[in-house]
Amino acid sequence: MCKDTGILYENAVALLARLIETPSFSREEEVTAGILFQFLSAHGVGGIRQSGNNVWAYNKHYDPAKSTVLLNSHHDTVRPNGGYTRDPFLPAVEQGRLYGLGSNDAGASVVSLCAAFLYFYEATDLAYNICLAITAEEEVSDKGGIESILPQIGPLEFAIVGEPTGMQMATAERGLVVLDCIARGKAGHAARNEGENAIYKALDDIAWIRGYRFPKVSPQLGEVKMSVTVIEAGSQHNVVPDECRFTVDIRVTDRYTNEEVVEIIRQNISGEVTPRSVRLKPSGIDHSHPAVQAGLALGLTTYGSPTTSDQALLDIPSMKMGPGDSARSHSADEFICLSEIHEGIKTYTALLSDLFKMKGSGLDAPDN
């Protein structure tokens, strides 16, 4: 197995170009799953598993007596927005940038993690097993992605989740709860001052949501953030509406569980409150964890991420880290700098090498 990070980089860029030119919208990732399976197979990886559009594999000398590190990212993308000025499926390189849909979120992480996995694949003295899992449906937080294969992967000790973070360590991540709320009134004729206006009731609830501050503040993530993002009521100008529906987007910190946040809101507004899901939980990793310590030793920094990823579905210590810039995600004319892929591979392999040495493996970190 090649351990030359230069060759691994070239293979990673070629793989990313193939992924860009192949549409892989959420729940429609069949072809890119096949590309990933073929790529790993062509580079000597055996025992590759696939379930749905999820592909995963283990290091060659997997030892069930050892703990397992999960390297995870997603190969699905959002649909291109209307602001694109170039073909989103044309992997064009210009001035050191590789353009294309999914290049930054999260194709660069996918191919960099694949390269890091190949770097260690044949090693016989790893302190941990490594499981590489490139999964589906992350962009829609659906159940056919990483969540569906965790029981098949087996016990995991911790995870690195590949998302664009500038290769810094997101050691905490907000959870996400979306609430569908209904304020109920009584219909009546607008001209005769009849009925109970559901819009006014909803406005009272929305005013509480806008003004409330959860008392417990996370050192890394700050306050719980609530935003009313959708509102719908009424059908005729002369009828007082008996129902007003609104949606609340809540980004939960590690100071609360999702269930606690929902209950606090129920106790303080008059409308009906229905969470779409409480699956996407706050997540993270303690700074004393060896993986974080290995990253700090390399000069990496830590921060709390305001966005939600598949990290929220992992009930193990985890950090989010990958090449690229989160601000480019879902943007028109998305791109990744080629230098960011090179740095991603180098940093992943160096961090894992140092981590393995902390646990007693004799591996040397790459020097190129």
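**Close-up views of a predicted model**

**View 1. Helix 3 meets helix 8.** Here Ala108, Ser109, Val111, Ser112, Leu113, Ala115, Ala116, Tyr119 and Phe120 of helix 3 touch Ile341, Gly344, Ile345, Tyr348, Thr349, Leu352, Ser353 and Phe356 of helix 8; contact means heavy atoms within 4.5 Å. Sorted by type, the residues of this contact are 12 nonpolar, five polar and no charged (Ala, Val, Leu, Ile, Met, Phe, Trp, Tyr, Cys and Pro count as nonpolar, Asp, Glu, Lys and Arg as charged, and the others, Gly among them, as polar). This is a predicted model, in which local features need pLDDT of at least 70 and side-chain atom pairs count only at pLDDT 80 or more, while totals for chains, interfaces and linings use all residues. Residues are numbered from 1 along each chain as its sequence is written, and side-chain values use heavy atoms, with hydrogens and water left out.

**View 2. The angle between helix 3 and helix 8.** Helix 3 (residues 103-120) packs against helix 8 at about 45°, and their axes are 9 Å apart. Axes are lines fitted to C-alpha atoms, for helices over the stretch in contact, and angles run from 0 to 180 degrees between N-to-C directions. The two helices are therefore oblique to each other (under 35 degrees is roughly parallel, over 145 roughly antiparallel, 65 to 115 roughly perpendicular, and the rest oblique).

**View 3. Helix 1 also packs on helix 8.** The axes of helix 1 (residues 5-20) and helix 8 (residues 338-358) come within 10 Å and cross at roughly 130°. That makes helix 1 oblique to helix 8. On helix 1, the contact uses Thr5, Leu8, Tyr9, Ala12, Val13 and Leu16, and on helix 8 it uses Leu338, Ile341, His342 and Ile345. Eight of these contact residues are nonpolar, two are polar and none is charged.

View 4. Three strands form an open, antiparallel sheet in the order 4-5-18. Strand 4 (93-94) and strand 18 (335-337) are its edges, each pairing on one side only. Two bridges link strand 4 to strand 5 (residues 97-99), and Glu94 has Arg97 of strand 5 as its bridge partner. Helix 3 lies across strand 5 and strand 18, at about 45° to strand 18.

**View 5. Glu137 in its loop.** Look for Glu137 between strand 6 (129-135) and helix 4 (146-153). Its relative accessibility is 13%, so Glu137 counts as buried (under 20% relative accessible area, with exposed over 50% and partly exposed in between, for a 1.4 Å probe and protein chains only). Beyond its neighbours within four places in sequence, Glu137 has contacts including Ser26, Arg27 and Asp76.

Technical notes:
Helices (H or I, at least four residues) and strands (E, at least two) are DSSP runs, numbered from the N terminus. Two strands pair if DSSP finds at least two bridges between them.
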